[in-house]
Amino acid sequence: MTDAKRLRIAVQKSGRLSEKSISLLKAIGVKLAIQDRLLMAHSTNMPIDLMRVRDDDIPGLVMDGVVDLGFIGENELEEKMLERKAAGKNYQYEVLRQLDYGGCRLSIAVPNEFQYNSVNSLAGKTVATTYPYLLERFFQDQNVDASCVMLTGSVEVAPRAGLADAICDLVSTGATLEANGLKEEEVIFRSTATLIQRPQPLSGEKQALIDRLLPRINGVMQAKE
Ligand code: PRT
Ligand code: ZN
């Protein structure tokens, strides 16, 4: 059941941002009946539907206006924005609120034995990453001639497996890097979760609902500060 009158919100189905995004919606009074195997969940007290998808899909769903709002990590959002821009697709969105969870950084790390002096030490090297657009942008900004190797998972084992000289991956505690004999050298992007809105205008009712919910989100965030 989809109803164009109901506000559609995309959240990560299962992963690091799921629980906190759902908790935030509940904290602002949105009652949700979530069935784990279902893509959609309906609010029982507000005209809101939740679309539970992979985080990779959320920026595109918002930018294309398939959903009205989305909870997403800024790293994923910025990467998809660059990818869509390069492909000539719509890459606009509106940020409603930066959120206080999902904090991490996208960093370049090298094996412990790598003699790293500056970003120029990466010249002529290969760097494995899931974020090729952000990494290429960094290389261009820094004027470094290095190449990206795209890997969708297990990035941290790439140097040991002989697939790359270095990696560019998300870091929060640093434990994964340490466990894999890697040292963090350059932070190229800092990220938290964020709530975004589609660029296309919404109906008066939907916009009014968002305008009513947003101050509640601000209230929940401030209460935690
Ligand atoms: O299945 P789906 O595609 O939806 O999920 P996913 O596997 O792509 O994403 P998920 O759930 O792992 O992460 C979702 C978002 O959480 C990311 O896009 C970031 O915005 C945010 N986030 C915050 C993180 C981390 N912290 C994080 N530490 N995402 C991933 N990591 C991984 C990192 O890739 C590395 O493998 O955790 C490891 C490093 O952690 P530390 O603590 O050892 O440094
Ligand atoms: Zn993902």
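This is a predicted model: local features need pLDDT of at least 70, side-chain atom pairs count only at pLDDT 80 or more; totals for chains, interfaces and linings use all residues.

Visitor: In what order do the 5 strands of the open sheet stand?

Guide: As a general idea, strands of a sheet pair through backbone hydrogen bonds, either parallel or antiparallel. Here the order is β9-β8-β10-β7-β11, and the pairing is mixed. Strands β9 (147-150) and β11 (182-191) stand at the edges; each has a single partner strand, so one side of each is left without a neighbour in the sheet. From one strand to the next, the twist averages 30°.

Visitor: Which helix packs on the sheet, and which strands does this helix touch?

Guide: Helix α3 (residues 74-86) packs there, touching β7, β10 and β11. The direction of α3 makes about 75° with that of β11.

Visitor: In which sense do β7 and β10 pair?

Guide: Strand β7 (residues 104-111) and strand β10 (residues 166-171) pair in the antiparallel sense, over 5 bridges. Within this pairing, Arg105 has Val171 of β10 as its bridge partner.

Visitor: How is the protein chain divided into domains?

Guide: The domain assignment gives domain 1 (7-102 + 192-224) and domain 2 (104-191). Taken over C-alpha atoms, the centres of domain 1 and domain 2 are separated by 29 Å. The contact takes 9 residues from domain 1 and 9 residues from domain 2. On the side of domain 1 that touches domain 2, α3 gives the most, with 6 residues. By class, that side of domain 1 has 1 nonpolar, 4 polar and 4 charged residues.

Visitor: Which residues come nearest to ligand 1?

Guide: Of the 21 residues around ligand 1, the nearest are Gly15, Gly73, Cys104, Thr173 and Thr176. Two or more residues of the shell come from each of α3, β10 and α5 (175-179). Strand β10 gives the most to this shell, with 3 residues. Domain 1 and domain 2 each supply at least three residues to the shell around ligand 1. By class, the shell divides into 5 nonpolar, 10 polar and 6 charged residues.

Note on methods
Residues are numbered from 1 along each chain as its sequence is written. Chains are lettered from A and ligands numbered from 1 in the order in which they are written. Two strands pair if DSSP finds at least two bridges between them. Helices (H or I, at least four residues) and strands (E, at least two) are DSSP runs, numbered from the N terminus. Axes are lines fitted to C-alpha atoms, for helices over the stretch in contact, and angles run from 0 to 180 degrees between N-to-C directions. Two residues are in contact if their C-beta atoms, placed from the backbone, lie within 7 Å. Domain bounds come from an automatic or database domain assignment. Ala, Val, Leu, Ile, Met, Phe, Trp, Tyr, Cys and Pro count as nonpolar, Asp, Glu, Lys and Arg as charged, and the others, Gly among them, as polar. A residue is near a molecule or strand if its C-beta atom, placed from the backbone, lies within 6 Å of it.
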